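Subject: Handover of a structure and the findings on it

Dear colleague,

Please find below the structure that I am handing over to you. My notes on it follow.

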Amino acid sequence: MKQLAIISGKGGTGKTTLAGAFACLAKNKIMADCDVDAADLHLLLSPKILEEHDFFGMEKAFIKKDICISCGKCREICRFNAIGKTYIVDKISCEGCAFCAKICPEKAVEMKKNQAGKWFVSETKFGLLVHAKLGIAEENSGKLVSVVRGKAKELAQEKGVDLVIVDGPPGIGCPVMASLSEIDFAVVVTEPTFSGLHDAKRVISAARHFKVEVGLLVNKSDLNPEITGKMKSYAEESNISFLGEIPFDKDVINALIAGKNVVETGNSPAAGRIREIWKTVKDRIYDGDT
Ligand code: SF4
Ligand code: SF4
């Protein structure tokens, strides 16, 4: 089984559009939406939820008011100022260190499981999708990414599917790291701006840290041919596959408005390029180079 990740140095580069298009073009695959802070691949895939599960992040402190004697010791030692004057713990500030529970003379503090989000297995028009939703201001997105990826891999093995396509989170934080482990090939999507180049370099370096082979592609490449040229040169100099350019194309936006992806709706210039890029990516994954 192979695993392909689609990542980007920042949000809004067209990463999910590409992931949706690959979902349409790949024959035998399972999709894993690992952009758990802002999951939106499902918007392109019209999922029917088959399974829904709770995701528990770190434990949080809870003060039992009927036992608490308001001695103030827990407030004094909480480094995160998570305990208010009325001895109610602010769930967002609590880091789950359990120090308050240890020092409370009345054993009034209980560490409780905290439901931080949900994850799902869904049927879509292009096959199975594992996706998730992290609660607002909840942390542990790296752990949730690992849950999503673990389930996608398990389903692929169970159903004899030979490819998992991971729509990774943007940036270079913990969830991206969790998206890159065990990946055979990563497509880095960028746009032709100086900040796009800078962000792409950072995420490429993160992928290389995990010894993941990467390919670079420039979306809306015709908006700034000069920087697109710089990106190509950077790829050549750095020994990175340059996968191609996708031109700005209004049909991409029209397809999104219709809840589809551009390769479903016809043969626009962007759709043609994405099909070519998919062929290259598929060859890279399966030809033994990766
Ligand atoms: S240490 Fe225990 S008893 Fe004292 S204020 Fe905190 S919760 Fe209440
Ligand atoms: S668990 Fe740690 S962070 Fe949370 S309220 Fe207690 S001392 Fe503060």
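How many of the 290 residues of the chain, as a percentage, count as buried? The share is 44%, where a residue is buried if 20 or more other C-beta atoms lie within 10 Å of its own, exposed if 12 or fewer, and partly exposed in between, with C-beta atoms placed from the backbone.

Please note that this is a predicted model, in which local features need pLDDT of at least 70, side-chain atom pairs count only at pLDDT 80 or more, and totals for chains, interfaces and linings use all residues. Residues are numbered from 1 along each chain as its sequence is written, while chains are lettered from A and ligands numbered from 1 in the order in which they are written.

Overall layout

The chain has eleven helices and eleven strands; these are DSSP runs numbered from the N terminus, helices being H or I of at least four residues and strands E of at least two. Along the principal axes, the C-alpha atoms fill a box of roughly 70 × 40 × 35 Å. The chain is divided into domain 1 (2-56 + 117-286) and domain 2 (58-112), with bounds that come from an automatic or database domain assignment. Taken over C-alpha atoms, the centres of domain 1 and domain 2 are separated by 41 Å. Among contacts in the chain with a separation of 6 or more, 75% are between residues 24 or more positions apart; two residues are in contact if their C-beta atoms, placed from the backbone, lie within 7 Å.

The two ligands

Around ligand 1 there are 13 residues, of which Cys68, Cys71, Lys73, Cys74 and Cys104 come nearest; a residue is near a molecule if its C-beta atom, placed from the backbone, lies within 6 Å of it. That shell has nine nonpolar, two polar and two charged residues. In this classification Ala, Val, Leu, Ile, Met, Phe, Trp, Tyr, Cys and Pro count as nonpolar, Asp, Glu, Lys and Arg as charged, and the others, Gly among them, as polar. Ligand 2 also has 13 residues around it, and Ala61, Cys78, Cys94, Cys97 and Cys100 come nearest. Its shell has eleven nonpolar residues, one polar and one charged.

Nonpolar cores

In soluble globular proteins, nonpolar side chains tend to be buried together. A nonpolar core is here a set of buried Ala, Val, Leu, Ile, Met, Phe, Trp, Tyr and Cys residues joined through C-beta atoms within 7 Å. The largest has 73 residues, and Val148, Ile165, Ala186 and Val188 touch the most other members. A second, separate core of twelve residues includes Ala61, Cys74, Ile83 and Ala108. Leaving aside neighbours within four places in sequence, valine 188 is in contact with Ile7, Ser8, Ala200, Val203, Ile204, Val214 and Leu216.

Helices H1 and H7

Helix H1 (residues 15-25) is mostly covered, with ten of its eleven residues buried; Lys15, Phe22 and Cys24 are among them. Helix H7 (residues 194-209) has 16 residues, which at 1.5 Å a residue should span 22 Å, and the 23 Å between its end C-alpha atoms agrees. The expected span is 1.5 Å times one less than the number of residues. The buried residues of H7 include Gly196, Leu197, Ala200 and Val203, and S1, helix H6 (174-180), strand S9 (185-190), S10 and H8 are among the elements that cover the buried residues of H7. Just after H7, lysine 211 takes a positive phi of about 60°.

Individual residues

Leucine 217 is in strand S10 (residues 213-219). Leucine 217 counts as buried because 28 other C-beta atoms lie within 10 Å. Not counting residues up to four places away in sequence, leucine 217 touches Val187, Val189, Leu243, Gly244, Ile246 and Ile277.

Lysine 2, found in strand S1 (residues 2-8), is partly exposed, with 16 other C-beta atoms within 10 Å. Lysine 2 and arginine 75 are 73 residues apart in sequence and 50 Å apart in space, C-alpha to C-alpha.

Two residues other than glycine deserve a mention for their positive phi: alanine 98, near 70°, and asparagine 239, near 60°. Alanine 98 is in the loop between helix H3 (73-77) and helix H4 (99-103) and is partly exposed, with 15 other C-beta atoms within 10 Å. Asparagine 239 is in the loop between helix H8 (225-237) and strand S11 (241-246) and counts as exposed because 6 other C-beta atoms lie within 10 Å.

With kind regards
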